[in-house]
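Have the sequence and the structure open while reading.

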Amino acid sequence: MSIEIDFEKYITNQKKSVDTYSKYDFIARESGDRLLDKLDDIIFNSHNNPKNILNIGSKIGRLTGKLSNKFPDANIYEIELTSEMLIKSRNNKNNKINFIQADFERLPFLDNSFDLIISNQALHYFDFKAVLKDVSRILNNKGLFLFSALGPDSFKELKNAWLKIDNLPHVHEFWDMHIYGDILKKLDFIDPVMDCQWVNFNYKDLNKLFLDLKF
């Protein structure tokens, strides 16, 4: 199961938005920083720095840049659907970062290739189980998979506002974290841990909210 999405339109919007993405990616930036905080805790407790890292759904590479600063000796790969996003990301990156355009559900890597695979706000638009099968294949036995996704309470104020107008679905219905957890268990990921955080953003301008939601 995945959210229904018009991928042709999705890719077209990515190509058009590449130059303005950084103006409207506030939600993704906040989520990415929280994801890195989780990673810091895990790395600190394990005393084990990853050597090969994959960022799935890298957009313009903000998270990749922070990973590069955090792990300067690591080989980092970022993967996106469009070349435009990857070209934008290539600016100001070091030689250890590799840029790959490919389908997230068909990851073009050898088995057991990565110590760390990370994805920030990218996978809830895809067939999560299909992506996870490939993630399981390319992640080594001691590797870490870390991702973030929106949950069922996301944009509930917006949902309630629309209900005053009609009963049509105007906002995506995102999965509960337990659904993600069940899929991870069925695919034999070891000790999957799901965590939920509520973050409140206040908007004075509805149009600004809609622009942020596009990214």
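The face of α7 turned away from its buried side carries His 178, Lys 185 and Lys 186, which are exposed (over 50% relative accessible area; buried is under 20%, partly exposed in between; 1.4 Å probe, protein chains only). The helix spans residues 177–186, with Tyr 180, Gly 181, Ile 183 and Leu 184 buried. These four cover an arc of only 160° around the axis, so they sit on the same side of α7; the arc is that of the directions from the helix axis to the C-beta atoms.

The buried residues of α7 pack against α5 (128–138) and β5 (139–148). Just after α7, Asp 188 has a positive phi of about 65°. Helices (H or I, at least four residues) and strands (E, at least two) are DSSP runs, numbered from the N terminus.

## Nonpolar cores

A nonpolar core is a set of buried Ala, Val, Leu, Ile, Met, Phe, Trp, Tyr and Cys residues joined through side-chain atoms within 4.5 Å. The largest has 28 residues; Ile 56, Phe 104, Ile 117 and Phe 145 touch the most other members. At least two residues each come from β1 (52–56), β4 (114–120), α5, β5 and α7. The largest share, five residues, is from α5. Another core lies apart from this one, with 16 residues, including Leu 35, Ile 43, Phe 99 and Leu 116.

## Basis

This is a predicted model: local features need pLDDT of at least 70, side-chain atom pairs count only at pLDDT 80 or more, and totals for chains, interfaces and linings use all residues. Residues are numbered from 1 along each chain as its sequence is written, and side-chain values use heavy atoms, leaving out hydrogens and water.

Notes
Contact means heavy atoms within 4.5 Å.
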